[in-house]
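Please read the following report alongside the sequence and the coordinates.

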Amino acid sequence: RAHKTDKGDFFMRMYDIIAKKRDGGTLTQEEIAFAVNGFAAGSIPDYQMSALMMAVYLRGMTATETAQLTAAMAYSGDMVDLSGIGGVKADKHSTGGVGDKTTLVAGPIVAACGVKVAKMSGRGLGHTGGTLDKIEAIPGCSVSLTQEAFFRQVNDIGIAVIGQTGNLAPADKKMYALRDVTATVSCIPLIASSIMSKKLASGADCILLDVKTGNGAFMKTLEDSIALAKAMVDIGEHNGRRTAALITDMDTPLGRNIGNSLEVIEAVETLRGKGPADLTEVCLSLASGMLWLAGRGGAAACRAMAEDALRSGAALAKLPRDASLDKVAELIKRTAFKITRMGQLVGNLASERLGVPFGIVDLSLAPTPAVGDSVARILEEMGLEVCGTHGTTAALALLNDAVKKGGVMASSSVGG
């Protein structure tokens with residue numbers, strides 16, 4: 001509640017805001033802004049913001065509260081103005097997963113269909129690389145552009161992907177650091193506001209959300225994934241951005257390649273129409289959703305448009321003009337070739353030695369597998385040490401240092 005001073009002015013106390021949410025009350029826009037702005041400015045201490053976030057974790061927030069929290073976090077720093085780019089600007093966000101290289105495919109498809117993609121992306125979190133990490137795996141490719149160069153590229157070819165600015169939603173950075181040490185990470189209003197504050201600040205007109213679900217995703221259950229998707233869509237719509245979400249599977253890696261360089265190769269192959277079916281389908285679904293949000297037509301028309309852009313090669317043409325794709329792929333493959341090829345050699349020899357088909361190696365058949373044994377150690381015991389250095393391939397080292405008797409390990413040509 002607000003308190004009145006001797007001069008008749010009113011002021012708020014963080015204590016009262018915490019108590020209100022603790023007791024299940026609904027915070028006003030002014031109370032939310034007071035808490036977020038004060039914390040970002042340093043006038044509200046960590047322990048009080050921690051208490052408020054725990055109250056939110058336990059009591060939840062209404063859709064309106066969550067949208068207002070997100071807006072306050074977004075406006076705590078720079079709000080990117082994309083008015084210098086003509087036309088509708090579309091953005092996408094993935095909650096992340098293994099093998100997720102969809103921006104590298106869906107973005108060019110959308111740009112080829114006449115919708116601008118002015119995207120600010122992040123780096124990897126935990127076990128998976130981010131879009132920026134993947135782009136930087138391309139020799140000579142930079143994700144650091146001036147605003148002028150960024151706008152020029154989007155206006156020229158329809159797409160650019162750069163790193164986020166240092167002052168984008170600074171309140172979110174401070175709040176996330178607190179959530180990480182106060183057991184309040186897994187709270188849908190706080191997750192949704194964290195993601196969407198950066199999306200709102202990035203300036204796009206419409207936002208498509210790719211919410212992963214399954215073992216390799218942050219949200220493990222379909223129910224939680226739907227709840228997060230709905231919360232983020234509500235935030236976007238409340239703040240004047242056309243927003244939609246797709247729920248996509250992450251029980252298994254997306255595509256066949258894992259690792260930044262190899263994922264770039266697979267993305268290029270997908271743009272050539274030769275990608276794996278699961279990756280192609282997800283990218284076409286995302287691209288058609290972005291086109292629909294941008295007002296390019298109905299769902300069926302947008303799907304047909306996306307398929308045509310992929311089939312005709314128009315999407316492939318949106319990749320850097322000054323780079324020979326064959327040359328880029330060759331440079332990447334050159335660094336990965338020895339690793340990948342050695343993985344194939346070791347896999348074939350191991351399979352022959354154990355008398356099992358190449359593809360699955362049952363480590364229980366090896367002489368000395370035990371908890372903590374590295375794959376290299378097991379191969380040495382099998383007499384295969386001459387085939388390569390320790391841990392030479394992701395294909396054979398997916399379970400490196402965590403192998404136990406009876407474990408089964410996939411072996412394929414996905415070196416990394």
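The report below describes secondary structure, packing and selected side-chain geometry.

This is a predicted model, in which local features need pLDDT of at least 70, side-chain atom pairs count only at pLDDT 80 or more, and totals for chains, interfaces and linings use all residues. Residues are numbered from 1 along each chain as its sequence is written, and side-chain values use heavy atoms, with hydrogens and water left out.

**Composition**

The protein has 16 helices and nine strands. Helices (H or I, at least four residues) and strands (E, at least two) are DSSP runs, numbered from the N terminus. Of the 416 residues in the protein, 49% are buried; buried means under 20% relative accessible area, exposed over 50%, and partly exposed in between, with a 1.4 Å probe and protein chains only. Among contacts (heavy atoms within 4.5 Å) with a separation of 6 or more, 73% are between residues 24 or more positions apart.

An open sheet is formed by five strands in the order 5-4-3-6-7, with parallel pairing. Two strands pair if DSSP finds at least two bridges between them. Strand 5 and strand 7 (242-249) are the edge strands, each pairing on one side only. From one strand to the next the twist averages 20°, where axes are lines fitted to C-alpha atoms (for helices over the stretch in contact) and angles run from 0 to 180 degrees between N-to-C directions.

Strand 6 pairs with strand 3 (residues 89-94) in parallel through five bridges. Within this pairing, S94 has D210 as its bridge partner, and H93 stands opposite L209. Strand 6 also pairs with strand 7, again in the parallel sense, over eight bridges; here V211 stands opposite I247.

Eight of the eight residues of strand 6 are buried, so the strand is largely enclosed by the rest of the structure. In a regular strand the side chains alternate between the two faces of the sheet. Both faces of strand 6 are covered, with C206, L208, D210 and K212 buried on one side and I207, L209, V211 and T213 buried on the other.

**Nonpolar cores**

A nonpolar core is a set of buried Ala, Val, Leu, Ile, Met, Phe, Trp, Tyr and Cys residues joined through side-chain atoms within 4.5 Å. The largest one has 41 residues, and I109, V110 and L291 have the most contacts inside it. Elements that each supply at least two residues of this core include helix 5 (103-112), strand 6 (206-213) and helix 13 (299-312). Helix 12 gives the most, with nine residues. Leaving out residues up to four places away in sequence, L291 touches V110, C113, V115, R296, C302, M305 and A306. A second, separate core has 28 residues, including V154, I162, M219 and L228.

Helix 5 has nine of its ten residues buried, so this helix is largely enclosed by the rest of the structure. Those buried residues are T103, L104, V105, A106, G107, P108, I109, V110 and A111. After helix 5 comes G114, which has a positive phi, near 95°.

**Individual buried residues**

| Residue | Relative accessibility |
|---|---|
| A204 | 2% |
| F150 | 3% |
| F151 | 13% |
| S50 | 15% |

A204 is in the loop between helix 9 (188-201) and strand 6. Its C-alpha atom is separated by 7.2 Å from that of L82, 122 residues apart along the chain. Not counting residues up to four places away in sequence, A204 touches L82, K89, A90, D91 and R241.

S50 belongs to helix 3 (residues 46-59). Apart from neighbours within four places in sequence, S50 is in contact with L178 and T182.

**Ring geometry**

Rings of Phe, Tyr and Trp (its six-membered ring) pair if their centres lie within 6.5 Å; planes under 30 degrees apart count as stacked, over 60 as edge-to-face and the rest as tilted. By this rule there is one aromatic pair. The ring centres of F150 and F151 are 6.1 Å apart and the planes are at 45°, so the pair is tilted.

A charge sits over a ring if NZ of Lys or CZ of Arg is within 6 Å of the ring centre and within 35 degrees of the ring normal. The charged end of K174 sits over the ring of F39, at 4.5 Å from its centre. R242 lies over the face of W292, 5.1 Å from the ring centre.
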